[in-house]
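Thanks for coming. Please have a look at the sequence and the model on the screen, and then I will go through some parts of it.

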Amino acid sequence: MKILNLLENNINERYLDEIVDALRDGGIIIYPTDTIYAIGCDALNNQAIETVCSIKSMKSAKTNLTIICHDISEVTEYAKFGNREFKVMKNNLPGPFTFILPALSRLPKAFKGRRTVGIRIPDSVIACRIVEQLGHPILSTTVEGKDDDYMTEPELIAETYERSDVDIVVAAGRGGVEPSTVVDCTGGDFEILRQGKGELQL
């Protein structure tokens, strides 16, 4: 496992290349978001998704999966939504929200049989730059730790996952502990399934 230090206001392009190359090779990374540090991989690599689910002891067939997109135009390739949903996403993104939307078929096997996908566009320059350079979304599932320090300090996060299949920890300072607010957009309304960081603007 390698720890790479990135600063939001001065991103090391060589490190960014290394992170994206690892993702393209099916690697697993831990990276900052605008809420909690997340475990992720190339969201179009089915085997990598299964590895992430194994690290988190999740059954991929029964777990709601979330992807990080670079912008709303990229979301249109992976999820279906109308003008109302577009307006709400535009009002709140980038930001600490996960929007549950009907999934489109471009997503890989791990998503098959699912009717929905979680969509995030975090207010994180690093996460969005990784997605932009990769050219398509990355998976997002929060890290776990025995206390707040082990969820927020990159070196302690690396210690927690040192015996896992994580290849790179992208360290960008202390992370947060409050999760994203989850908004279900599939029922014709905007239902908050989990109130986390941020107040939804309709």
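Helices and strands here are DSSP runs, numbered from the N terminus, where a helix is H or I with at least four residues and a strand is E with at least two. This is a predicted model, so to speak of local features we need pLDDT of at least 70, side-chain atom pairs count only at pLDDT 80 or more, and totals for chains, interfaces and linings use all residues. Residues are numbered from 1 along each chain as its sequence is written, and side-chain values use heavy atoms, with hydrogens and water left out.

I start with C41, which sits in the loop between strand 3 and helix 2. Is C41 buried or exposed? Buried means under 20% relative accessible area, exposed means over 50%, and partly exposed is in between, with a 1.4 Å probe and protein chains only. C41 has 0% relative accessibility and therefore counts as buried. Contact means heavy atoms within 4.5 Å. Setting aside neighbours within four places in sequence, C41 is in contact with L23, G27, I28, A48, I49, V52, P137, I138 and L139. C41 and A127 are 86 residues apart in sequence, and their C-alpha atoms are 12 Å apart in space.

A127 takes us to helix 5, where the buried residues are I126, A127, C128, I130, V131 and L134. What do these buried residues pack against? They pack against helix 1, strand 2, strand 4, helix 3 (72-75), strand 7 (138-142) and strand 8 (168-171). After helix 5 comes G135, with a positive phi near 100 degrees.

Now the pairing with helix 1. Helix 1 (residues 13-24) and helix 5 (residues 125-134) pack at about 60 degrees, with axes 10 Å apart. Axes are lines fitted to C-alpha atoms, for helices over the stretch in contact, and angles run from 0 to 180 degrees between N-to-C directions. Angles under 35 degrees count as roughly parallel, over 145 as roughly antiparallel, 65 to 115 as roughly perpendicular, and the rest as oblique. Helix 1 and helix 5 are therefore oblique to each other. On the helix 1 side the contact is made by E13, L16, D17, I19, V20, L23 and R24, and on the helix 5 side by R129, I130, Q133 and L134.

Next, two loop residues. I121 is in the loop between strand 6 (116-120) and helix 5, and I121 counts as buried because its relative accessibility is 2%. Not counting residues up to four places away in sequence, I121 touches C69, H70, D71, I72, V75, L93, P94, G95 and C128. Two of those contacts, L93 and P94, are joined by a cis peptide bond, with omega about 0 degrees. P94 is in the loop between helix 4 (83-92) and strand 5 (97-102).

T33 is in the loop between strand 2 (29-31) and strand 3 (38-40), and is buried, at 13% relative accessible area. The T33 side chain reaches the backbone nitrogen of T35 at 3.0 Å, and a polar atom of that side chain lies 2.8 Å from the backbone oxygen of I36. Beyond its neighbours within four places in sequence, T33 is in contact with A38, I68, R120, P122 and S124.

Last, a contrast. S57 is in the loop between helix 2 (46-55) and strand 4 (66-68). S57 is exposed, with a relative accessible area of 68%, and has a positive phi, near 55 degrees, in a residue other than glycine.

Key: A polar contact is a pair of N or O atoms within 3.5 Å; within protein, one must be able to donate a hydrogen and the other to accept it, and residues adjacent in sequence count only if both atoms are side-chain atoms.
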